[in-house]
Amino acid sequence: LKEKVCAGADLVITQHCFDVKCFLKFCQDCREIGIKCPIIPGLMPIHNYSGFRRCAQLYKSIPEKMVQDLELIKDNDEQVQDYGVRFLEGAVRQLLRSGVRGFHLFSLNLETAITRLLDALDWVDEHVRRELPWRKSANCIRNQSEDVRPIFWANRPKSYMAKTMSWDDFPNGRWGDSRSPAFGECDHHHTRLLLGSRGLRAVWRNPQSIPDVIGVFLKYIRGEIRGLPWFEAPLAAETVQIQPKLETINRRGFLTINSQPSVNGAPSDDTAVGWGPPGGYVYQKEYVEFFCCPADVEILLEVLARPEFSCVSYMAVNRTGSVNHMNVSTVNAVTWGVFPGKEILQPTVTDPTSFLAWKDEAFALWTAPFEDPRHPCETPAVILTIYNTWFLVNLVDNDFVEGDLWRVFQAAFELQDARGTGCYVTAATDATEFRGPGCTFWQ
């Protein structure tokens, strides 16, 4: 190493380092023989126990306590990953206290653990300006040409990019008929799970009833669990603004998987909803997407037929597509922005064709955690009931100035109460009042 430095090397990066004391001793030894250039430790998250064991065979200096701790949880990938993030956070903080000012993180193309580590260290700038409301592709060709997407994949952008990777052209300027209509088949790649199948089964905890399922959705909205199959990240900053409303409708059995508040001319540098170049203004229509039972679909259709909700667009479809209810047949922009010296941008839309493609994936994600061929498990009966009989619904309030999409739900709650249907999970104690539509899983 000294010869390399003398030959002109001005930076040293180590291999994976699991032992902080060993690294600091290495640095001290280097200084004593005249190596003065920066020495950066290599740090790698632990993604699973088998991968850790392979590393243990290559490196001699691994703390014995780490080996013992991981041995106790080796069969639970989620706990192993959690342990790995906590270990790295502690190691980084210890290295910082020792004067280390640079780190090399081995992601192995698995960014989730790295992102969690940066969040834990509070190194993520929450106010980074977004070029568009969604993260652009790293593919340079796609990056330059694509500037509009359907909102349905907002929480699963990697799946969207995988489904459309074979497209010759990407929507630019408008989501029109010139786009490719082929989204590809919904396969295991598109239903891959951020937390892993066993991790999500642990989140579900073998639900026996609809209230059990509601409870899991409420935990996600509150930030008490890391994820659900329909989300690749925690709730977005803009969604946090409507968190109380989301809790309310989820308690009533409308299980939300996507939403955004209305925005009327917010500055483009707004920390929650802003995007695009400086000096601009952004706009959004209120949007919410959710699963609900057939009885509640009928209630919603009755409510939406009222004149006061004529500005609300809706789509509702069951898993097979044999039953659908839509009052739209064209593309509808739900996010747009006005910027100096530019055309109006409309980067997020709803579209019936895209929605029908998305519903295959959205429904498949109910059963995906239990169908992993590596770790097969019987799907709970209540999950199968939702999968086979419920509807996927989205609502858009086109009046982004004075509209209030949540009035639709308030009217639906009144009809639920009047007809004795639905399920209400009380806010104070999470206790449940059962008013099920003749389904044993409401009890």
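Which residue in E2 is the bridge partner of Ile13? It's Ile40. Before going further, note that this is a predicted model, where local features need pLDDT of at least 70, side-chain atom pairs count only at pLDDT 80 or more, and totals for chains, interfaces and linings use all residues. Residues are numbered from 1 along each chain as its sequence is written, and side-chain values use heavy atoms, with hydrogens and water left out.

**The chain overall**

- Of its 443 residues, 50% count as buried, meaning under 20% relative accessible area, while exposed is over 50% and partly exposed lies in between (1.4 Å probe, protein chains only).
- The accessible surface is about 21,500 Å², and carbon and sulfur atoms hold 51% of that (Shrake-Rupley method, 1.4 Å probe; for residues, only the protein chains shown count as cover).
- Take the contacts (heavy atoms within 4.5 Å) between residues at least 6 apart in sequence: 70% of them join residues at least 24 apart.

**Strands E1 and E2**

- E1 (residues 12-16) pairs with E2 (residues 39-43) in the parallel sense, over three bridges; DSSP has to find at least two bridges for strands to pair.
- To get from E1 to E2 the chain goes through helix H2 (residues 20-32), a right-handed β-α-β crossover: with the strands pointing away from the viewer, the path from the first strand over the helix to the second runs clockwise.

**Helix H15**

- H15 covers residues 381-389, and its buried residues are Val382, Ile383, Thr385, Ile386 and Tyr387.
- Helix H10 (210-222) and helix H14 (352-367) are among what covers them.

**Aromatic rings**

- There are 22 aromatic pairs, counting Phe, Tyr and Trp (its six-membered ring) with centres within 6.5 Å; planes under 30 degrees apart are stacked, over 60 edge-to-face, and the rest tilted.
- Phe217 and Trp230 make a tilted pair, 5.6 Å centre to centre with 35 degrees between the planes.
- Phe217 sits in helix H10 and Trp230 in the loop between H10 and helix H11 (237-240), 13 residues apart.
- Phe217 is buried at 1% relative accessibility, and Trp230 is buried at 1% too.
- Tyr283 and Phe400 pair edge-to-face, at 6.0 Å centre to centre and 80 degrees between the planes.
- Here Tyr283 is in strand E7 (residues 281-284), and Phe400 is in the loop between strand E13 (391-397) and helix H16 (406-419), 117 residues apart.
- Tyr283 is buried at 18% relative accessible area, whereas Phe400 is partly exposed at 21%.
- Ring pairs also join Phe217, Trp230, Phe291, Phe363 and Trp366 into a cluster.

Terms used:
Helices (H or I, at least four residues) and strands (E, at least two) are DSSP runs, numbered from the N terminus.
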